[in-house]
Amino acid sequence: MSRLILVSNRVPQPKERGQLAGGLAVALKEAIAGHETLWFGWSGKTVDQPVPDVHLEEARGVTYATLDLQTDAYEGYYRGFSNGMLWPLLHSRIGLGVFSRSDLSAYMAVNDAFAAALKPLLRQDDIIWIHDYHLIPLGAALRRLGVKARIGFFLHVPFPPMAVYSALPQGDLLLQAFGAYDVIGLQTIEDAGHLNECLAMAGVARRADSYPIGIDPAAFAATARRAQKSPEARRLRESMGDRALILGVDRLDYSKGIPHRFHGYAQLLKRFPEHRNNVTFLQITPVSRGDVAEYRSLRKEMDELVGRINGEHAEFDWVPVRYLTRAVARNVLAGFHREARIGLVTPLRDGMNLVAKEYVAAQDADNPGALILSRFAGAASEMEGAIIINPYDPDEIAEALHMALGLDRESRQARWKTMMSAVQASTAAAWAHSFLQDLENAPA
Ligand code: ADQ
C-alpha cells in the first residue's frame with residue numbers, strides 16, 4: 001500500500017493527538033488506519049526568521065512534519081486571504097469579504113513555501129491528500145516542482161454558484177490550480193456542481209465529485225451514553241427540572257446563523273407563550289478566529305442579543321437562554337446532546353455540519369430528541385427525518401420549535417430512525433475510504 005501524505009493547514013498539536021478532538025481529526029484518523037502516514041502542515045507558530053525549518057516528530061505510528069510561518073506571511077495567507085476573503089466567498093457572503101492583492105500574494109507564496117518544504121520529504125509512490133481552502137494552489141505548486149505522485153484535494157466548505165465566485169478578483173488563478181489534482185472532492189452534489197461549472201468555464205479539464213463526510217456514530221453514541229452519567233450531565237439535568245432542553249453547539253462563526261437562531265427562539269416565546277418557563281435554550285459557542293474583525297463584531301452582536309432576550313423574557317426563577325463562550329469537552333458535550341429534546345442547527349451555509357450528525361448519534365433510541373436543521377447545511381440532503389427550516393425566517397424557526405416540542409415519542413422515534421440510518425450510511429470511515437480508493441485508482 002502506498003504511503004499516505006496528509007496535508008492540512010493545521011496539524012494537531014501533541015496534546016490534541018491522543019484524544020483526536022474535532023470532527024476533521026476523527027475523520028482523518030480513519031484515513032490513517034492501515035496506511036504509513038506523514039501529516040504535513042503549519043505548526044500553529046509564527047516566527048520572525050525568514051526561512052523556517054520543518055519539524056519532524058513521530059507519534060503513534062504517524063510522522064508529523066510541521067512548518068512555522070513568518071508573521072507577515074501568516075497575516076496575509078491565513079487571516080487575510082483564507083479567512084478574510086475565501087471563507088466568506090465560499091459561503092456566498094461576498095459582502096463580508098475583504099480582498100487585497102498583497103493577501104493573495106501571501107496566500108500563493110505560503111502555498112509555494114509549503115510545496116518547497118514538502119517536496120524533499122516525498123517518495124515516488126506516495127499518495128498525497130490535501131485538505132481545505134487554505135491550500136487550493138498547493139497541488140499545482142507541487143507539480144511545478146516536478147512531483148508526479150497522485151494528489152487529491154478535499155474542500156470541507158461549500159463552493160458557491162459561478163455568479164458569486166466570479167466576484168473574486170483573479171479567481172481564475174485558483175480554478176486553474178484545481179487542474180493539478182487527480183481527485184477533487186466536495187461535500188455535496190450541489191457544491192461539486194458549482195465548482196464543475198466554474199472549472200468548465202475556465203477551461204480546466206477536471207471534474208469534482210461529492211464525498212459527504214461523516215462521524216463515527218457507534219463511538220459517539222457510546223461516548224454519549226457514558227457522558228450521560230457524568231457529574232456535568234447530572235447537574236444539567238437537575239438544573240432543568242421538567243423543562244425541555246434546546247441545544248445549539250457551534251464554533252462562533254457568522255456562517256452558523258447563531259443570531260438567526262436566537263431571533264427564532266425569541267419568536268417562539270412571543271408567539272407560543274405556553275412554552276415560556278417550560279423550555280431552556282443552551283448555546284455553547286467557543287470563540288474562534290478572535291483576531292478577525294468580523295468575528296469580534298459577531299461576538300458583540302451575540303452578547304447584546306442574549307442580554308436582550310433574557311432581559312425581556314426571563315422570570316425571577318427562569319432564564320430563557322444560557323450562553324457559554326467557553327469550550328466544553330467533547331465527552332461532556334456528547335452527554336448534553338443526549339439530554340437535549342431538540343438539537344437546533346441553523347447555518348446560513350455549511351459544507352456538511354457534523355454537529356447535526358453528532359446530535360443524532362447521541363440520542364437514546366427509546367426516547368430520542370428531534371433535530372431542527374437548516375436547508376443550507378450539506379447534512380440537510382441526507383437527513384430526511386429532520387425538521388428542515390430556512391434560517392432567514394424567525395417565524396419558521398419558531399414554528400419548527402413549537403412543532404418539535406409537541407412531537408410524541410412515537411413520531412420522534414420514527415424520525416430519529418430515518419436520520420440514524422443516514423448517519424450510519426455515511427460515516428467518517430466510508431468517506432475516507434471512498435476518497436482514498438478513488439485516489440489510488442486514479443491513473444498515475
Ligand atoms: P466546522 O465549521 O468546524 O467544520 P462542524 O462540522 O459543525 O463545523 O464541526 C466540526 C467539529 O467541531 C464537530 O466534531 C463538532 O463537534 C466540533 N464542534 C463544533 N462546535 C463545537 C463546540 N462548541 N464545542 C466543541 N466542539 C465543537 C468544517 C465545515 C463543516 C464540515 C466540517 C468537516 O465548515 O461544514 O462539516 O468542516 O468537513
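## Domain layout

The protein chain splits into domain 1 (4-214 + 428-441) and domain 2 (217-425). The model is predicted. Between the centres of domain 1 and domain 2, taken over C-alpha atoms, lie 30 Å.

## The domain interface

Contacts link 24 residues of domain 1 with 21 residues of domain 2. Interface size is often quoted as the accessible area lost when the parts come together. Here the area buried between domain 1 and domain 2 is about 1700 Å². Carbon and sulfur atoms give 58% of that area.

How many salt bridges cross the interface of domain 1 and domain 2? The rule finds zero. The structure as a whole holds 15 salt bridges.

## Helix α17

Helix α17 covers residues 428-441, which is 14 residues. From its first C-alpha to its last, α17 reaches 20 Å. That is close to the 20 Å expected at 1.5 Å a residue.

Six names make up the buried list of α17: Ala428, Trp431, Ala432, Phe435, Leu436 and Leu439. They sit on the same side of α17, because they cover an arc of only 110° around the axis. The face of α17 turned away from this buried side carries Gln437 and Asn441, both exposed.

## Salt bridges

Side chains of opposite charge can pair when their charged atoms come close. Asp253 pairs with Arg251 in a salt bridge, with the closest N and O atoms 3.5 Å apart. Asp253 is buried, at 1% relative accessible area. Arg251 is partly exposed, at 31%.

Glu315 and Arg276 form another salt bridge, 3.5 Å from N to O. Glu315 lies in the loop between α12 (293-313) and β11 (321-324), and Arg276 in the loop between α11 (258-271) and β10 (279-284), so the pair ties together parts that are 39 residues apart in sequence. Both partners are partly exposed: Glu315 has a relative accessible area of 35%, and Arg276 has 24%.

## A helix-to-helix pair and a network

Which parts does the salt bridge of Arg330 and Glu358 tie together? The side chains meet at 3.1 Å, N to O. Arg330 belongs to helix α13 (residues 330-339) and Glu358 to helix α14 (residues 354-362), so the pair joins parts that are 28 residues apart in sequence. Arg330 is partly exposed, with a relative accessible area of 32%. Glu358 counts as buried, at 8%.

Arg271, Asp395 and Glu399 form one network, joined by salt bridges that share partners.

How values were computed
Residues are numbered from 1 along each chain as its sequence is written. This is a predicted model: local features need pLDDT of at least 70, side-chain atom pairs count only at pLDDT 80 or more; totals for chains, interfaces and linings use all residues. Side-chain values use heavy atoms; hydrogens and water are left out. Helices (H or I, at least four residues) and strands (E, at least two) are DSSP runs, numbered from the N terminus. The expected span of a helix is 1.5 Å times one less than its number of residues. Buried means under 20% relative accessible area, exposed over 50%, partly exposed in between (1.4 Å probe, protein chains only). The arc is that of the directions from the helix axis to the C-beta atoms. Domain bounds come from an automatic or database domain assignment. Contact means heavy atoms within 4.5 Å. Buried area is the accessible area (1.4 Å probe) that two parts lose on being put together, summed over both. A salt bridge is a side-chain nitrogen of Lys or Arg within 4 Å of a carboxyl oxygen of Asp or Glu.
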